[in-house]
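I opened this notebook to record what I looked up in the structure, entry by entry. The questions I brought concern a helix, charged pairs and backbone angles.

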Amino acid sequence: MNIDRYMVNLFFEIKRNVPHSQQAGLKISDPDIGSVMTSLYRETRDENIKLLAGIFLERAGENWLSEADKPKALSRIMKRLSKEPSVEPSSAATTSVKQSKPKRIYRGQIIED
């Protein structure tokens, strides 16, 4: 799929309008951007997002819009977009931070406790 400047602007407008939980999964550099936009077009209930995604797929060519109109069950791509990334802090990093005490400075002088 060839993406022109107009499609890039459309993509970022779509990304601004989707729910915050899905924004992290939308990446313009994704090699499956056509499939992502197709599933977004198919699954969204927001008419604005549906219209913008439809214009994006129409400009993409290669029958992306006709593929998006086919009814299908939830795709794995939509599931991937809906998942929120989980970040687990490592225990080693938290213990080293707790062990070192920050220096207290008052009017340019280091204060000892």
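The entries below follow the order in which I looked things up.

**Entry 1: the model.** I note at the outset that I am working from a predicted model, and I read each value below with that in mind.

**Entry 2: helix α4.** I looked up the length of helix α4, which covers residues 47-60, and found its end C-alpha atoms 20 Å apart.

I then asked which residues of α4 are buried. The list consists of I49, L52, A53, G54, F56, L57 and A60. For the cover over these buried residues I found that it includes α1 (5-17), α3 (33-43) and α5 (64-68).

**Entry 3: salt bridges.** How many salt bridges does the model hold? I counted 2.

In one of them, the side chains of D4 and R59 meet with an N to O distance of 2.3 Å. This pair links distant parts of the chain, since D4 sits in the segment before α1 and R59 in helix α4, 55 residues apart. I checked the exposure of both partners: D4 counts as partly exposed because its relative accessibility is 29%, and R59 is likewise partly exposed, at 42%.

A salt bridge also joins R16 to E13, and here I read 2.6 Å between the closest N and O atoms. Both residues belong to helix α1, and because they are 3 residues apart they are separated by about one helical turn. On accessibility, I found R16 exposed, with a relative accessible area of 55%, while E13 is partly exposed, at 29%.

**Entry 4: R107.** I looked up which backbone angle makes R107 worth a note, and found a positive phi of about 50 degrees although R107 is not a glycine. I located R107 in the loop between β1 (104-106) and β2 (109-111). Is R107 buried or exposed? With a relative accessible area of 74%, R107 is exposed, the cut-off for that word being over 50%.

Conventions: Residues numbered from 1 in each chain as written. Predicted model: local features only at pLDDT ≥ 70, side-chain atom pairs only at ≥ 80, totals over all residues. Heavy atoms only, no water. Helix = DSSP H or I, 4+ residues; strand = E, 2+ residues; numbered from the N terminus. Expected span 1.5 Å × (residues − 1). Buried < 20%, exposed > 50% of the residue type's maximum accessible area, 1.4 Å probe, protein only. Contact = heavy atoms within 4.5 Å. Salt bridge = Lys/Arg side-chain N within 4 Å of Asp/Glu carboxyl O.
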